[in-house]
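User: Please walk me through the salt bridges and the sheet in this model. Keep it brisk.

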Amino acid sequence: PKIEFPCEYPIKVLGPAAPDYKQFVIDIIKKHAADLDSSKVEVQPSRNGNFYSIRFTIVATGVDQLAAIHEELKASGRVSMVI
């Protein structure tokens, strides 16, 4: 089904564990979705603690915004996957 914008859009970002990883992801997301509530960003470490899963929801305004978020996260070299 086609997505109707604006809408709440959940995103999950996976990458190698690092002390600054959550803030790194938040900084990129806030460039594209300034209304992100940092207090609602969830971090879940992998079983062995080698990776972090960062989960949050943004108010998506369009396909271009989502593509820009995905592109910047992947281009950073610190993100393994964006879901």
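Analyst: Lys31 is exposed, at 59% relative accessible area; buried means under 20%, exposed over 50%, partly exposed in between (1.4 Å probe, protein chains only). This is a predicted model: local features need pLDDT of at least 70, side-chain atom pairs pLDDT 80 or more, while totals for chains, interfaces and linings use all residues. Residues are numbered from 1 along each chain as its sequence is written, and side-chain values use heavy atoms, without hydrogens and water.

User: Which residue forms a salt bridge with Lys31?

Analyst: A salt bridge puts a side-chain nitrogen of Lys or Arg within 4 Å of a carboxyl oxygen of Asp or Glu. For Lys31, the closest N and O atoms of the pair are 2.8 Å apart. Lys31 lies in helix H1 and its partner in helix H2, so parts 41 residues apart in sequence are tied together. The partner is Glu72.

User: Is Glu72 buried, partly exposed or exposed?

Analyst: Its relative accessible area is 24%. Partly exposed lies between the buried and exposed limits, so Glu72 is partly exposed.

User: How many salt bridges does the rule count?

Analyst: Arg78 meets Asp20 at 2.8 Å, N to O. Lys31 pairs with Glu72. The count is two.

User: In what order do the four strands form the open sheet?

Analyst: Strands are DSSP runs (E, at least two residues), helices likewise (H or I, at least four), numbered from the N terminus. Two strands pair if DSSP finds at least two bridges between them. The pairing is antiparallel, and the edge strands are S2 (42–45) and S4 (81–82). The order is S2-S3-S1-S4.
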